[in-house]
Amino acid sequence: MRIPPERLAEILDVAEDGIVTVDSQHQIVLFNRGATKIFGYDPAEVLGKSLDVLIPLASRGVHRGHVEQFARGPVVSRTMGERRTVTGRRKDGTEFPVEITISKLIVEGEILLTAIIRDAEDRKKYEDALLRLNQDLEERVRARTAELAERNLQLTQKTEENEMFVYSVSHDLRSPLVNLEGFSEELRIVVRDLQRLLQDERIPGDLREQLDALFAGGVRESIDFIRTAVGRLSRIIDALLRLSRAGRVVYQTQVLNVGAIARRVVDAMRKTADEKKVEVMIGELPPAWGDPTAVEQVFANLIGNALNYLDTSRPGRVEVGALPDGSPSGSHTYFVRDNGIGIPEAYQSKLFRALQRLHPDKAPGEGIGLAIVRRVLERLGGTIRVESVVGEGTTFYFTLPAGSQ
Amino acid sequence: MSHESMTILLAEDDDGHAQLIERNLKRAGFVNRVVRARDGQETLDIVRTGREGLPPSSQFLLLLDINMPRIDGVEVLRQLKADPRTARIPVIMLTTTDDPREVERCYQYGCSVYITKPVRYEDFVEALTRLGMFLEIVKLPSAPNGDRPTP
């Protein structure tokens, strides 16, 4: 359909946006209902009046300048206030932000300027609210991050305190232990010499037998128990010292040729691997960032464990490799995989704790290796986890920060 | 200098440790006089000014425990090595741990040999060999207390 020309004026009048037209003298010649809603004036109150009534006192001069510049210029329409907020003034004197587009039309030789106006107060409110919300969020993230950093620091300090404590206790325990070790050894020697003396012919046979029985059954056996216990105590204390040392030794971090480190570890264990007929494979290992001795310790522990906990019912296989992930978080994931006896799921959570042993009969040790490995990786900025199926094998995955290429 | 006339100065605060060391020195064939100091200060005093009953210009071989009251072994070592009059005294450090940092600190200060307790007689033999003193100071025991197994 076609709109009859006389009704076009009505379309203008009912528009929700304010429409205000001024002549070259800046006299208002059109003021629709939308403009009434926005400014609070009835058309009758402003028609024939200067545009200035709709503009805050302070910006009238500037505004008039802009309007005249636009009237003289070649542009037919544009948005006002592209680079600044335009402010309007209501009948009640309140001021508010507006969005304005302006256009010109020459009617019978007279330039008419028409402004289409929208109250931007709500939009501004939302924008401001959004801005505040954003700032608030940022503030909270900042506060939380600071809190976490503080907590982290506290935990680190706590860990270091614990390590210091473990270190000094273990160190202090060594001194009495040296006496236990030393004097039980002295006793062993003295008893052996006494037993030799008993062979002397001057000692009557029946007395010799009685004394021999006392020494062998009573004294020697007691001494052997003491020596076994002292030996165990000594190994536990040494293990604790090693663990606390792993947390306190100063690292020399650098770019690491991880492949070379792994090969060095495997070469050192070559004899054991050959004896046990284990096939050891080393895949491509990308460079990492860390302390060479510490990373070697990690590989030595994991590969050593793999060689210790084999399933004798099948040929052993140990594979050292890295996941082909690239480095999304700036780290590489390495793994040591075996086809050994595996670790029951119920035990996996205890695996990295100190002094825990799952198969004490399989290999000697105090259950300190994996605790050291975890501590070392923690200090290097890495993590470790285990996947294992009993009867199939175990894979340890650990991450290290990537070394630059 | 004749090593036979050398006095072994044992700096050790723990009576048990001291006695174990003396027993093992005998087992290792030492015939030298052994003098005991109970802390770091006493050790320095004996080295610098001697002790009653000791010949005034005694030569010392120092067995130096690290953990001692008042002045510890590492400080004794530092002071002895810093003084030209005492810098040439051979020192064997004795410690209860093999903490690598402690070992390194001692080597920095110039200790020659380092033994971890409990001290076995084989450790002394090895330490003296490294000091180049073995043949001169030790009367090789014909049968060093029989067949001691290594622990």
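Visitor: What share of the contacts in chain B between residues at least 6 apart in sequence joins residues at least 24 apart?
Guide: That share is 67%. Two residues are in contact here if their C-beta atoms, placed from the backbone, lie within 7 Å. A word on the source: this is a predicted model, where local features need pLDDT of at least 70 and side-chain atom pairs count only at pLDDT 80 or more, while totals for chains, interfaces and linings use all residues. Residues are numbered from 1 along each chain as its sequence is written, and chains are lettered from A and ligands numbered from 1 in the order in which they are written.

Visitor: How many helices and strands does chain B have, and in what order do they run?
Guide: Chain B has six helices and five strands, running β-α-β-α-β-α-β-α-β-α-α from the N terminus. Helices (H or I, at least four residues) and strands (E, at least two) are DSSP runs, numbered from the N terminus.

Visitor: What makes strand E1 and strand E2 of chain B a pair?
Guide: Two strands pair if DSSP finds at least two bridges between them. E1 (residues 7-11) and E2 (residues 34-37) of chain B are joined by four bridges, so they pair, and they run parallel.

Visitor: Why is the unit of E1(B), helix H1 and E2(B) called right-handed?
Guide: A crossover is right-handed if, with the strands pointing away from the viewer, the path from the first strand over the helix to the second runs clockwise. E1(B), H1 (residues 15-27) of chain B and E2(B) make a β-α-β unit of that hand.

Visitor: Which residues of helix H2 of chain B are buried?
Guide: In H2 (residues 40-49) of chain B, they are B:Gly40, B:Thr43, B:Leu44, B:Ile46 and B:Val47. Buried means that 20 or more other C-beta atoms lie within 10 Å of a residue's own, exposed means 12 or fewer, and partly exposed is in between, with C-beta atoms placed from the backbone.

Visitor: How do you know that the buried residues of H2(B) line one face of the helix?
Guide: Seen down the axis of H2(B), they fall within an arc of 165 degrees, so they line one face. That arc is taken over the directions from the helix axis to the C-beta atoms. The buried residues pack against E1, E2, strand E3 (60-65) and helix H3 (73-82) of chain B, whereas B:Arg48 and B:Thr49, on the other side of H2(B), are exposed.
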